[in-house]
Amino acid sequence: LTTVSAAPKPPPLRVTDLSVKGNIEGVHITFDIRFTAEVNDNSKAVPLVSGDLVLEEITVTKAETGGRGAAALQTPKVSYAAPGQAYSLQFQKEGRYNVEATFAARAANVEKGPWKESQFQIPNSQIRELEVTCDRTDLEVLFPDALRVTRKIEARESSPEETTVETPSPE
């Protein structure tokens with residue numbers, strides 16, 4: 001009697017190599033999100049983001065496999081679910097895809113005071129890079145559960161005060 005164990009089945013979807021780069025100028029908040037989506041079951045939708053956001057631009061290409069390079073632009077279906085304020089992608093074929101998207105976030109008043117905030121969720125993944133550039137040094141930018149957060153203030157010609165908050169890539 002011989003027992004053969006099958007290789008574990010890969011998850012239907014997996015998001016890897018996630019990076020988020022945000023920019024805050026006055027009350028305007030934009031951010032770029034980049035990641036690789038590994039689609040092993042094309043009946044499942046890949047979550048993109050959720051929150052009070054507007055999708056400005058999205059580019060999806062087939063990820064490199066076997067040294068063939070990036071293929072022509074893929075056209076996944078982009079969906080928006082109003083009740084959860086969530087964007088998702090539905091791919092037509094299984095495979096690895098590079099996703100780059102730009103969003104604008106709305107800053108809402110905190111209670112009835114002068115403070116404003118914007119909250120949004122990104123796909124579950126180990127974040128490789130997270131950076132927010134602000135045009136003011138008095139802003140409080142929070143990243144719940146982030147590790148190794150650094151804050152640096154730089155003077156630049158185009159903007160005399162700029163704050164960048166980064167989380168370095170895990171080692």
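Here are some friendly notes on this predicted model, point by point.

1. **Ground rules.** Numbering starts from 1 along each chain as its sequence is written, and side-chain values use heavy atoms, with hydrogens and water left out. The model is predicted, so to speak of local features a pLDDT of at least 70 is needed, side-chain atom pairs count only at pLDDT 80 or more, and totals for chains, interfaces and linings use all residues.

2. **Overall make-up.** What does the secondary structure come to? The protein has zero helices and 13 strands, where helices (H or I, at least four residues) and strands (E, at least two) are DSSP runs numbered from the N terminus. Read from that end, the elements are β-β-β-β-β-β-β-β-β-β-β-β-β.

3. **Burial and surface.** Of the 171 residues, 29% count as buried; buried stands for under 20% relative accessible area, exposed for over 50%, and partly exposed for in between, with a 1.4 Å probe and protein chains only. The protein exposes about 11400 Å², and carbon and sulfur atoms supply 50% of that area. Accessible areas come from the Shrake-Rupley method with a 1.4 Å probe, and for residues only the protein chains shown count as cover.

4. **Contacts along the chain.** Taking contacts (heavy atoms within 4.5 Å) between residues at least 6 apart in sequence, 64% join residues at least 24 apart.

5. **The largest pocket.** About 1400 Å³ of space lies in the largest pocket. On a 1 Å grid over the protein atoms alone, a pocket is an open set of points with protein on both sides within 12 Å along at least five of seven lines, whereas a cavity is a set where a 1.4 Å probe fits but cannot get out; lining residues have an atom within 4 Å of a point. Grid points are joined across faces, edges and corners, and the volume is the space filled by probe spheres set on the points.

6. **Its lining.** Which residues lie nearest the centre of the largest pocket? Of the 43 lining residues, these are Ser118, Val141, Leu142, Phe143 and Pro144. The lining divides into 25 nonpolar, eleven polar and seven charged residues; here Ala, Val, Leu, Ile, Met, Phe, Trp, Tyr, Cys and Pro count as nonpolar, Asp, Glu, Lys and Arg as charged, and the others, Gly among them, as polar. At least two lining residues come from each of β1 (13-25), β2 (28-39), β9 (116-117), β10 (120-121) and β11 (127-134), and β1 gives the most, with five.

7. The whole structure holds five salt bridges, each a side-chain nitrogen of Lys or Arg within 4 Å of a carboxyl oxygen of Asp or Glu. One of them pairs Glu129 with Lys21, with the closest N and O atoms 3.4 Å apart. Glu129 sits in strand β11 and Lys21 in strand β1, so this pair links distant parts of the chain, 108 residues apart. Glu129 is partly exposed at 30% relative accessibility, and Lys21 is partly exposed at 34%. Arg34 and Glu100 also meet in a salt bridge (3.4 Å, N to O). Here Arg34 in strand β2 and Glu100 in strand β7 (residues 95-105) are 66 residues apart. Both ends are partly exposed, Arg34 at 38% and Glu100 at 40%.

8. **A loop-to-loop pair.** In the salt bridge between Arg106 and Asp52, the closest N and O atoms are 2.6 Å apart. Arg106 lies in the loop between β7 and β8 (108-109) and Asp52 in the loop between β3 (46-51) and β4 (53-62), so the pair ties together parts 54 residues apart in sequence. Asp52 is partly exposed, at 28% relative accessible area.

9. **Arg96 and its partners.** Salt bridges link Arg14, Glu38 and Arg96 in a network. Arg96 is in strand β7 and is partly exposed at 32%. From C-alpha to C-alpha, Arg96 and Lys62 are 6.1 Å apart in space, though 34 residues apart in sequence.

10. **Two backbone angles to look at.** Asp17 is not a glycine, yet its phi is positive, at about 50°. Asp17 lies in strand β1 and is partly exposed, with a relative accessible area of 44%. Gln85, also a residue other than glycine, has a positive phi near 50°. Gln85 is in the loop between β5 (77-81) and β6 (86-90), and counts as partly exposed at 31%.
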